[in-house]
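Let's read a protein structure together, one feature at a time. Keep the picture open as we talk.

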Amino acid sequence: MKKLLIGLFLATTSTATYAAARNQDFLALRHAYQAGNTARVNMYAQRLRGHVLEPYAAYYQLRPQLWNPKLGPETVKQFIEKYHDSPLSDRLLGEWLKVLGWTERWDLFAENYPRMVNKDVELVCYSLQQRLAAGDRTIYKEAFPLWFNAREMPHSCNQIFDVLITAGTLTDEDIWSRLRLALESGNASAAKRINEYLPKNQRLNERNLNAATENPLRYLEKHRREIKTRSDREIALFAMVRLLRSGLDQAHAYWPRIRDRFGAPDQAYFLVQLADQGARRLDPRALQWFGEAANTHKSVHLTDAQLGWKTRAALRAGDWNLVLDTIETMSATEQREGVWRYWKARALKAKGKMKEANAILAPLSSEHHFYGQLAEEELGVTIGAPAESFKPTAKEISAMERTPGIARALAFYNLDLRPEAAQEWIWAVRKFDDHELLAAAEVARRHGHYDRAINTADRTVQRHDFHLRFLAPHRDAMRNILKQQEIDEAWVYGLIRQESRFVSDAKSSAGALGLMQLMPGTAKWASKQMGLRKYRPSRVTEVNTNLTLGTYYMKHVLSLFDNQSLASAAYNAGPSRVWQWRDEKPLEGAIYAETIPFNETRDYVKKVMSNSMYYARNFGHQVKALKQRLGIVSSRFGSEKVSE
């Protein structure tokens, strides 16, 4: 028996040692590929035959050969076929197609392009080139919408645009329209590229464009009496828009000095920009400016984004007629968004049209998000018991764990290569049905990859598991911490789910760290307030430390506002901004949340509050209505400004 145990131990140790060595081989292979060392790539690729990450060894060998004219197409096709269950197949195919497009090997391109899954705009334009080379003139209509883009476009698209301009499909007016889009977005480099399409005698003066970019007010003061040509007007409007974004009042005050240099369409254009920026800054004059724009030029056009901010301004003003009218002006696609279906229903209810409102609210209430929850409450229902969940069997979970894409993802997680792991996982689950998704989510949960478990469970359509969608790890540690802070457990979990998806070592691009995404300065402040003598910045990603400091800061911002939605906004954007976003009168909490100027914070607050509802239900807490959680937000004159 003793010999058997020793044998088993040695075998296990040998297996673990071998696996560790192969992992090191893979990391060395990856480093050799990044360094361009072909000999070492080939050496390590030989060692990794049969390894779960063997497809990457094959990719690292083949990828540098794509530009070699001696490379036979069958070699690429064999790779794509052999590794079709990995995102590498689509990646290599896309890279190969771009080589084929650049070298105009159109027969091969046409044969293989239909297999491409993730087509970027560069590939789309190469496809249009290929069809044009085959004599297909229907591409003119398909390519036309690609032109109207504020960004610089790939070389493959510029070649198509040259053809459209030569054919007269794109006119000088279309060039001016795209030029304005680029200028409006502040993309001066793209504007200069677009400028080259205009006849030489119409082009923008690039020296003046640079001057307007650098100091718009100084440029306007120097050139306002010289606004004569269309080029002059475009640069002046560009300067006004830049001035507007640095200060509403300054731009509004300056506009009358040059307004008469422009015709009605250009005047209306500036007024729309003024109104849009005003709405985004919660300026009560925004609706007046939208009205002035419409009165100045009856054919004034507002984008869906501008109509969205006009709607938000109308919500803050309590003008339900305008809310309804503006939403109905949006594109059909935009009107189908949950946000605008909900507010349209609310506007109809305000007008006494209950039947029409309920026809919108009923289907919306079956959707699992912020507006679905609010729609339920409008129909008189508070979020009820969880729907019956599908639970995969042990056999299904074991089989899922062995699925090649899932196995590769887990291998990458073990190597701490999270981006590669995520890519493999997303590719693997992209065609899964609900049962397979929940089995994969359970695999991720068991391996501690909570973000992947949540995101996978979130994809189900008919069968759901809300305990997987709303995982709650670290509850034992959390219970002790919450006893000290006395704050709502469901709210804390709702916030962590949005902040990090429970990735304990998560780090944002801004430098926020850990489960609760604490900025170093916030963590240091909280540690001092709590008197944590042993705190060091290196400990901020430790689970207990992060939860302790994060919940303390949550309690702090909650004490400032006595409202979970405002405290959530303060956690994300800072307390002083939350105070500034209040209105001159009390606001319904849902309207306050809807009109938060920062896109990130607006989305964040909605998701945190929605998450909190699901967590409260899962935890068996007494569930209060989402509207009650959102509360009524007092006016900015109702309390003193809070400090950071």
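Predicted model: local features only at pLDDT ≥ 70, side-chain atom pairs only at ≥ 80, totals over all residues.

Q: How many helices and strands does the protein have?
A: Helices (H or I, at least four residues) and strands (E, at least two) are DSSP runs, numbered from the N terminus. The protein has 38 helices and 2 strands. Its C-alpha atoms fill a box of roughly 100 × 70 × 55 Å along the principal axes.

Q: Which domains are assigned?
A: Domain bounds come from an automatic or database domain assignment. For this protein, that assignment gives domain 1 (15-118), domain 2 (394-463) and domain 3 (475-633). Between the C-alpha centres of domain 1 and domain 3 there are 44 Å.

Q: How do I read a disulfide, and which residues form one?
A: A disulfide is a covalent bond between the sulfur atoms of two cysteines; here the cut-off is a pair of cysteine sulfur atoms within 2.5 Å. The structure holds 1 disulfide. Cys125 and Cys157 form it, with their sulfur atoms 2.0 Å apart. The torsion about their S-S bond is about 95°, so the disulfide is right-handed. Because Cys125 lies in helix 7 (residues 121-133) and Cys157 in helix 9 (residues 155-167), the pair ties together parts that are 32 residues apart in sequence.

Q: Are Cys125 and Cys157 buried or exposed?
A: Buried means under 20% relative accessible area, exposed over 50%, and partly exposed in between (1.4 Å probe, protein chains only). Cys125 and Cys157 are both buried. Across the protein, buried residues make up 50% of the 644 residues.

Q: Which residues touch the most other members of the largest nonpolar core?
A: In soluble globular proteins, nonpolar side chains tend to be buried together. A nonpolar core is a set of buried Ala, Val, Leu, Ile, Met, Phe, Trp, Tyr and Cys residues joined through side-chain atoms within 4.5 Å. In the largest one, of 157 residues, those residues are Leu220, Met240, Trp343, Trp425 and Met516. Helix 14 (residues 230-246) gives the most to this core, with 9 residues. Domain 2 (394-463) and domain 3 (475-633) each supply at least three residues to this core. Apart from it lies another core, of 40 residues, among them Phe26 and Leu108.

Q: Where is Lys351 found?
A: Look in the loop between helix 21 (338-350) and helix 22 (354-364). Lys351 is partly exposed, with a relative accessible area of 36%. Not counting residues up to four places away in sequence, Lys351 touches Asn321 and Leu324.

Technical notes:
Residues numbered from 1 in each chain as written. Heavy atoms only, no water. Contact = heavy atoms within 4.5 Å.
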